[in-house]
Amino acid sequence: NQKMSSGIDSMPWNSRLNFKYLEIPILIHLDFEGFKYLELGFKLGMLKDARASADFPNASTFNYTNEPVKDSYSKTNNALVLGWGSGLWGTGGLIINGGFRITYGLDDIISDAGGRGDPYVLASDPFGPTKSYQKTNILTFGFHLSADFDLGWVVKSSCGRNYKFALFKH
């Protein structure tokens, strides 16, 4: 979600964009001593909905609320993911983890219909120089909780030749 506002001249405005994505993370989860972990991976994002609202305090006839704008945005947004955290509660088979994740979108979220690649002029200087298009990527910071329930571990024999799945007795 994104909030924007302007107080330029006599036409102040406020706007808001709301996005709904279905995101599928594909992560490598590395565990360390003390139940600390690091996650690295990729996230597939699919845009499900995009809506815009705007408020013009001095010109209410231009106001709009929850207008669909999904066609102005790319249908997919793939991202790199970095996460880290620690076990918050539990021992052995069940652990509740808490941590942080940072994602950086690899794709431009603006679609061709939304003006991807088109030059533009600043609203504050409509007769000024034309600006070249800049790619729009998403950067997110988030907190997450997860439950890690282990059924067992794959263990290696002391001679190093055999592997066996050892089922936990919870």
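Select strand β9, residues 163-167, in this predicted model. Is β9 buried or in the open? Of its five residues, zero are buried, so the strand lies largely in the open. A residue is counted as buried when its relative accessible area is under 20%.

To see where they face each other, pick Val 154, which stands opposite Phe 165 of β9. Then follow the chain from β8 to β9: the two strands form a hairpin, with six residues between them. In that turn, stop at Gly 160, whose phi is positive, about 85°.

Next, go to strand β7, residues 139-149, and pick His 144. Is His 144 buried or exposed? Its relative accessibility is 11%, so His 144 counts as buried. Show what surrounds this residue: leaving aside residues up to four places away in sequence, His 144 touches Tyr 37, Glu 39, Asn 97, Gly 98, Gly 99, Phe 100 and Arg 101.

For the last stop, select Leu 17, Phe 19, Leu 47, Ala 50, Ala 52, Tyr 73, Ile 109 and Ile 110. These eight residues make up the largest nonpolar core. Colour β2 (13-32) and β3 (36-55), the elements that give two or more residues to this core. Which of the elements gives the largest share? It is β3, with three residues. In soluble globular proteins, nonpolar side chains tend to be buried together.

Terms used. Residues are numbered from 1 along each chain as its sequence is written. This is a predicted model: local features need pLDDT of at least 70, side-chain atom pairs count only at pLDDT 80 or more; totals for chains, interfaces and linings use all residues. Side-chain values use heavy atoms; hydrogens and water are left out. Helices (H or I, at least four residues) and strands (E, at least two) are DSSP runs, numbered from the N terminus. Buried means under 20% relative accessible area, exposed over 50%, partly exposed in between (1.4 Å probe, protein chains only). Contact means heavy atoms within 4.5 Å. Two strands pair if DSSP finds at least two bridges between them. A nonpolar core is a set of buried Ala, Val, Leu, Ile, Met, Phe, Trp, Tyr and Cys residues joined through side-chain atoms within 4.5 Å.
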